[in-house]
Amino acid sequence: MKIGIIGGSGLDDPNILDNPTDLELDTPYGPPNSTLRQGKIAGKSVVLLARHGRAHTATPSHVNYRANIHALRAVGCAAILSTTAVGSLRQEIGRGDLVILDQFIDFTKRRVATFHDRFEPHNPAHTPMADPFSEPLRELLISACRKFGYRHHDKGTVVTIEGPRFSTRAESNMFRILGADVINMSVATECALAVEAGVPYAAVAMSTDYDCWKTDEPPVNWEEIVTIFKENAEKVTNVLVDVIKEM
Ligand code: ADE
């Protein structure tokens, strides 16, 4: 079984594959954002893709989400594990905590979040999306977090915003009222496409900041996200490697 990993901010270029080789692939949606880096983890075939490109040049709005998911499926990935930095919208989700997402709210504004540009005659395709993250993959991620004793949350609703700007305080407070637990700029789009493509998908989110809803600390900035993610990136890679061993 081949497993796809999409590395987000802070994990654009992780060095976790044995015998890596880079494959360039085109798709009907254009090229994916990075080469497909193929290799082995614990003897299993793994394909690594950098969501924003290896030099982090694609903005969240311009990531070619369709090409990325299409490419991973095209090379035979039967599951996708994704990583993402998120802002926390809850006091109890602290910096460095891992969140195994179970729901998303899509607040993006100008992205193509479907493979269906047109329907076949008399065959509309409306994909069920009630529980978009794969439960078996989530369970593997949760048990890896438990095994390592990492502070983590078994569930979490992510709101995905368009970006690249951060939210206003009013928006941040609104997302809290709406029931979102964490915030990012990529996962809803990517997850919805994976569900449409029929590839089981789960995401391990790393909480890096408290966005801007808190009044007792300064609002989030990008440098903070990178610092916290780098300090805690090993947790994410350990969890991924353990999950792949168990798959
Ligand atoms: N990614 C990490 N922290 C974030 C935040 N506060 N808002 C949006 N995306 C993020």
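**Note on pockets and cores**

1. The lining of the largest pocket divides into 11 nonpolar, 12 polar and 3 charged residues. The model is predicted. This pocket holds about 420 Å³ of space.

2. In total, 26 residues line the largest pocket. Ser9, Phe166, Met185, Trp222 and Ile225 lie nearest its centre. Strand S5 gives the most to this lining, with 5 residues. S5, strand S10 (182-184), S11 and helix H5 (222-246) each supply at least two.

3. Now the second largest pocket. About 150 Å³ of space lies in it. By class, its lining has 5 nonpolar, 2 polar and 4 charged residues. Helix H3 (residues 169-178) gives the most, with 3 residues. Among the lining residues are Phe107, Lys109, Glu162, Arg165 and Phe166. Look again at Phe166: this residue is also one of those nearest the centre of the largest pocket.

4. Turn to the interior. In soluble globular proteins, nonpolar side chains tend to be buried together. Here the largest nonpolar core has 33 residues. Ile69, Leu72, Leu101, Phe133, Val187 and Tyr201 have the most contacts inside it. Strand S4 (44-50), helix H1 (65-74), strand S5 (77-88), helix H4 (187-197) and strand S11 (201-209) each give two or more residues to this core. H4 provides the largest share, 7 residues.

5. A second, separate core has 31 residues. Ile5, Leu81, Ile100 and Ala202 are among them.

6. Take Leu72 as an example. What is Leu72 in contact with, leaving aside its neighbours within four places in sequence? The partners are Gly4, Ile6, Leu36, Val47, Leu49, Cys77 and Ile80.

Conventions. Residues numbered from 1 in each chain as written. Predicted model: local features only at pLDDT ≥ 70, side-chain atom pairs only at ≥ 80, totals over all residues. Heavy atoms only, no water. Core = buried A, V, L, I, M, F, W, Y, C linked by side-chain atoms within 4.5 Å. Buried < 20%, exposed > 50% of the residue type's maximum accessible area, 1.4 Å probe, protein only. Helix = DSSP H or I, 4+ residues; strand = E, 2+ residues; numbered from the N terminus. Contact = heavy atoms within 4.5 Å. 1 Å grid on protein atoms, 1.4 Å probe; cavity = no way out; pocket = protein on both sides within 12 Å on 5 of 7 lines; lining within 4 Å. Points joined across faces, edges and corners; volume = space filled by probe spheres on them. Nonpolar A, V, L, I, M, F, W, Y, C, P; charged D, E, K, R; others polar.
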